Amino acid sequence: MSEIAKNFEEIETRIAKAGKHWDVDTSATHIVAVSKKQPAERIQAALDCGHRLYGENRVQEAMERWGGDDGFLKSFPNVKLHLIGNLQTNKAKQAVQLFDCIETIDSTRLADAVQKECEKQGKEIECLIQVNTGEEGQKSGVTPDELEGLLKHCKEIGLKISGLMCIPPSDEPAGLHFAFLKNLAESYGLEKLSMGMSGDFEKALPLKPSYIRVGSSLFGLRPNE
Ligand SMILES: *Cc1c(COP(=O)(O)O)cnc(C)c1O
């Protein structure tokens, strides 16, 4: 069995354990395998395990790896890709072409650009709004106060928002941020949550997120990190 296959098993065991511990059904929680910066052989190994949902944080890197004539999508056309990193409006076209979900909508300008591209390309993609729950200066995402305005704008332009995503501050208890994000989502009637990474996904599981984003504990440490 490959190292990656073992890691998948280990993560699935951790999910099952947490589910049992919290007495929640984890069957609706999907693992977004975060393949950013990972060597191609590791991604190939994950594909060989049958995994079909991946996350990338940069449009350019994702296009090189997944798109084009020699990209993984040619051999694995049913792979779904999530953009989990900051998106610049000038990359909206490529992002809408390549991704099935953009988890990082965080401004009216970006919402406009994504909606325009969806219309142009006749493509519907899933969109989540990234919330900067810790209100950290350097982090992307809207502050909780800005969320209502952005949701209203998205509704006006016809961009459907399915849910919310967050990355908690590294020095605060993740569980508090996850619970806060869940409350926010519920108060706006949003169904999906993307929260939890290698170090903290167990804390997200009792809140039944649709997506946990797992990189290093699946693929191993990213080179140069
Ligand atoms: C890199 C990244 C992850 C994965 O982090 P790991 O700690 O390696 O699991 C998850 N979410 C986002 C937004 C990321 O940029």
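Strand 4, helix 6 (residues 108-121) and strand 5 form a β-α-β unit that is right-handed; a crossover has this hand if, with the strands pointing away from the viewer, the path from the first strand over the helix to the second runs clockwise. From strand 5 the chain then crosses through helix 7 (residues 144-157) to strand 6, and this β-α-β crossover is right-handed. Helices (H or I, at least four residues) and strands (E, at least two) are DSSP runs, numbered from the N terminus.

The model is predicted: local features need pLDDT of at least 70 and side-chain atom pairs count only at pLDDT 80 or more, while totals for chains, interfaces and linings use all residues. Residues are numbered from 1 along each chain as its sequence is written, and side-chain values use heavy atoms, with hydrogens and water left out.

**Strand 5 and its partners**

Two strands pair if DSSP finds at least two bridges between them. Strand 4 (residues 101-105) runs parallel to strand 5 and is joined to strand 5 by 3 bridges. On the other pairing, 3 bridges join strand 5 to strand 6 (residues 163-165), again in parallel. Ile129 of strand 5 takes part in both pairings: Ile105 stands opposite Ile129, and in strand 6 the bridge partner of Ile129 is Leu164.

Strand 5 (residues 126-130) is largely enclosed by the rest of the structure, because 5 of its 5 residues are buried (under 20% relative accessible area, with exposed over 50% and partly exposed in between; 1.4 Å probe, protein chains only). In a regular strand the side chains alternate between the two faces of the sheet. Here Glu126, Leu128 and Gln130 point one way, and Cys127 and Ile129 the other way.

**The ligand**

Residues surrounding the ligand include Val34, Ile84, Met165, Ile167, Met197, Arg213 and Arg222, where near means a heavy atom within 4 Å.

| Residue | Protein atom | Distance to a ligand oxygen atom |
|---|---|---|
| Lys36 | side-chain N or O | 2.7 Å |
| Ser198 | side-chain N or O | 2.5 Å |
| Gly215 | polar backbone atom | 2.8 Å |

The protein covers 89% of the 390 Å² of accessible area that the ligand has on its own, by the Shrake-Rupley method with a 1.4 Å probe.

**Thr26**

Thr26 lies in the loop between helix 1 (3-22) and strand 1 (30-34). Its relative accessibility is 18%, so Thr26 counts as buried. Leaving out residues up to four places away in sequence, Thr26 touches Ile15, Gly19 and Leu205, contact meaning heavy atoms within 4.5 Å.

Notes. A polar contact is a pair of N or O atoms within 3.5 Å; within protein, one must be able to donate a hydrogen and the other to accept it, and residues adjacent in sequence count only if both atoms are side-chain atoms.
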